[in-house]
Amino acid sequence: MCQDCTKSYGEWTHGSQPIKGGKVSVTCKDDRSRIIYYASDESDEEGNFNMAVNKYINGKELQPKSCLVRLVSSPHLTCNIPTNFAGGITGVNLPVRPTVLYRDLVQYQLGTFFYTTPRCAKPAAGETHDSFDCDANNNY
C-alpha cells in the first residue's frame, strides 16, 4: 500500500492506495541459519500477494517461524520508499498458527506493508540535510 504523508491525517491513516506490482519476498532458513528457500511475488491490483512454499525443502519440514517476509520494490513512480510499518523493511516471521489449514493448504495472513513518497521518508540515522554540521556542545 502507499501512504502519503502530504494528505490529511484521515486520508493518510485510512486512505492508503494499493500498489499493483509491489514486490515482496519470503526467505526461509534452516536450523543453522542457512538460506534454504527464497521466493518473491508481486501484489495484485488490491495490493494482495500470494506465495506458495513447499512444506518440505531438501527432505526436511520447513518451519514457518524460520521464514521472513519483507518488501523488495515498488513500481510506483513516487510511492517507492519502503517503510518499516508492520515490519516491511526488517521483515516479519510467519505466525506460528496458520490462518487457513485445509487438507494440503496451509495459509498465513500478514499485516499490511507500506511504501511512502520521498517527501515523507524519514532521514537515516546520522544523515543531515544542512550545509554545515552542528556541534552538539555549542550552546547558542
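View A. Val 72 sits in strand β6; here a strand is a DSSP run of E at least two residues long, a helix is an H or I run of at least four residues, and both are numbered from the N terminus. This is a predicted model, where local features need pLDDT of at least 70 and side-chain atom pairs count only at pLDDT 80 or more, while totals for chains, interfaces and linings use all residues. Residues are numbered from 1 along each chain as its sequence is written, and side-chain values use heavy atoms, with hydrogens and water left out. With a relative accessibility of 39%, Val 72 counts as partly exposed (buried is under 20% relative accessible area, exposed is over 50%, and partly exposed is in between, using a 1.4 Å probe and protein chains only). Together with Ile 35 and Tyr 38, Val 72 makes a nonpolar surface patch of about 310 Å². Patches are built from residues with over 30% relative accessible area and no salt bridge, joining nonpolar side chains (Val, Leu, Ile, Met, Phe, Trp, Tyr) within 5 Å and like charges within 9 Å. The areas come from the Shrake-Rupley method with a 1.4 Å probe, and for residues only the protein chains shown count as cover.

**View B. The four-stranded sheet.** Follow the order β3-β2-β6-β8 and you have an open sheet of four strands with antiparallel pairing. Two strands pair if DSSP finds at least two bridges between them. β3 and β8 stand at the edges with a single partner strand each, so one side of each has no neighbour in the sheet. β6, residues 67–73, is joined to β8 by two bridges, and the two run antiparallel. Look for Val 69, which stands opposite Val 92 in β8.

**View C. The three-stranded sheet.** Another open sheet has three strands in the order β1-β11-β7, this time with mixed pairing. Its edges are β1 (2–3) and β7, each with a single partner strand, so one side of each is left without a neighbour in the sheet. β7 and β11 run antiparallel and are joined by two bridges. For Ile 81, the bridge partner in β11 is Thr 116.

View D. Phe 85 and Phe 114 form an edge-to-face aromatic pair, with 5.1 Å from centre to centre and 70° between the planes. Rings of Phe, Tyr and Trp (its six-membered ring) pair if their centres lie within 6.5 Å; planes under 30 degrees apart count as stacked, over 60 as edge-to-face, and the rest as tilted. By this rule, the count is one aromatic pair. Phe 85 lies in the loop between β7 (81–82) and β8 (92–93), and Phe 114 in the loop between β10 (105–107) and β11 (115–116), so the pair ties together parts 29 residues apart in sequence. Phe 114 is buried, at a relative accessible area of 9%.

**View E. Ser 43 and what it touches.** Ser 43 lies in the loop between β3 (35–42) and β4 (56–57), and at 9% relative accessibility it counts as buried. Leaving aside residues up to four places away in sequence, Ser 43 touches Ile 19, Lys 20, Gly 21, Gly 22, Asn 48 and Phe 49; contact means heavy atoms within 4.5 Å. Ser 74 is 31 residues away along the chain, and its C-alpha atom is separated from that of Ser 43 by 9.6 Å.

**View F. The salt bridge.** Asp 30 forms a salt bridge with Arg 34, and their closest N and O atoms are 2.7 Å apart. The rule asks for a side-chain nitrogen of Lys or Arg within 4 Å of a carboxyl oxygen of Asp or Glu. A search of the whole structure finds one salt bridge. Asp 30 counts as buried at 19% relative accessibility, whereas Arg 34 is partly exposed at 43%.

**View G. Two loop residues with positive phi.** Most residues other than glycine have a negative phi. Ser 33 is not a glycine, yet it has a positive phi of about 60°. You'll find Ser 33 in the loop between β2 (23–29) and β3, exposed with a relative accessible area of 54%. Asn 58 also has a positive phi, near 50°. Asn 58 belongs to the loop between β4 and β5 (60–61), and is exposed at 72% relative accessible area.
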